[in-house]
Amino acid sequence: MATEFILTEAGAGVLSITLNRPEVLNSITTTMSGDLLATLNRASDDDQVRAVLLTGAGRAFCAGQDLAEATPGPDKPRQDFAAHVRKVYNPVVRALRRMPKPVVAAVNGVAAGAGASLAFACDFIIASSQATFIQAFARIGLVPDTGATFFLPRLVGTARATAMMMLGEKVTAEQALAYGMIYRVVEPDRVVEEARTLAAHLATQATFALGLTKRLINASAANEIDTQLEMEADLQGTAGRSEDFQEGVDAFLSKRPPGFTGR
Ligand code: T3D
């Protein structure tokens, strides 16, 4: 399952995925994003995987698009970025949001451009106190992509999102926490372990219902209240027929811890 640029490790119901091009801050090439997408799709279909952890090798989480790959040269015509974004980035964002199980990002260092967007597409972000988030697109004359203009205004509000996206300034982990962009900040040497602990905990929970919860959260960004209420009722019906619900109620009534299976 692992490739040169995407390392994986499975255990305790968690698939850990590490972006692995540390010498260029895990910036993303077409090959790397294809490998990431294939890994996410497999994780999505694998019942043994009940939570996913995403992190970066070395000192960075991810510096976004590999600018060497994107730059035109004498024998290399300018790329069609629209086609590239549709092919390389959008499917990864969809895979993260459609993953029917939680995804925890361990942001171990800088997350810039599409690298920050990847973190925003995860369900939880735990960041190192030394991590920074940079909407680097403006610095090089591009627009935010990979879902940044969807996630960021919803996370921090339009005013802050506009400033971040138009100024391209570094946002520290502590600022990100204060803005509501991320879940927790931890010491640098704890970030992967803390994220793994959270993912391992999620992997023991009622994964099926967590997947349905994620669908509701995804939909709430666009739905009106009546549509959302209807969807909640519908998915509550689905959750109510799950084995995990039966187990959760039995465990509650018997005053014992539940043993969820994710079904
Ligand atoms: O193609 C399309 O479809 C368009 C879509 C684009 C989506 C995007 O993501 S656009 C945004 C692309 N990303 C950036 O613009 C960020 C570029 N990187 C930086 O601004 C800085 O590297 C950081 C602020 C992230 C970190 O700064 P610092 O000082 O900690 O590290 P550094 O020295 O700049 O980088 C270390 C090395 O990584 C360096 O290589 P070297 O000099 O040691 O050989 C640097 O060139 C390399 N590197 C960092 N980011 C990238 C990169 N190489 C290629 N692409 C990168 N994005």
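**Notebook: charged side chains**

I began with Glu224, which sits in the loop between α9 (207-220) and α10 (225-240); helices (H or I, at least four residues) and strands (E, at least two) are DSSP runs, numbered from the N terminus. The model is predicted, so I noted that local features need pLDDT of at least 70 and side-chain atom pairs pLDDT 80 or more, while totals for chains, interfaces and linings use all residues. Residues are numbered from 1 along each chain as its sequence is written, and side-chain values use heavy atoms, without hydrogens and water.

I looked up the cover of Glu224: its relative accessibility is 63%, so Glu224 counts as exposed (buried is under 20% relative accessible area, exposed over 50%, partly exposed in between, with a 1.4 Å probe and protein chains only).

Next I counted salt bridges (a side-chain nitrogen of Lys or Arg within 4 Å of a carboxyl oxygen of Asp or Glu) and got eight. In one of them, Asp123 pairs with Lys214, with the closest N and O atoms 2.8 Å apart. Asp123 is in the loop between α4 (114-120) and β7 (124-128), and Lys214 is in helix α9, 91 residues apart. Lys214 is buried at 4%, whereas Asp123 is partly exposed at 27%.

I then checked Lys101, in the loop between α3 (81-98) and β5 (103-107). Lys101 is buried but has no salt bridge, and Asp47, the nearest side chain of opposite charge, is 5.3 Å away. What does the side chain of Lys101 reach at 2.7 Å? I found the backbone oxygen of Ala43 there, and the backbone oxygen of Val49 lies 2.9 Å from a polar atom of the Lys101 side chain.

How values were computed:
Lys and Arg count as positive and Asp and Glu as negative; His and the chain ends are not counted. A polar contact is a pair of N or O atoms within 3.5 Å; within protein, one must be able to donate a hydrogen and the other to accept it, and residues adjacent in sequence count only if both atoms are side-chain atoms.
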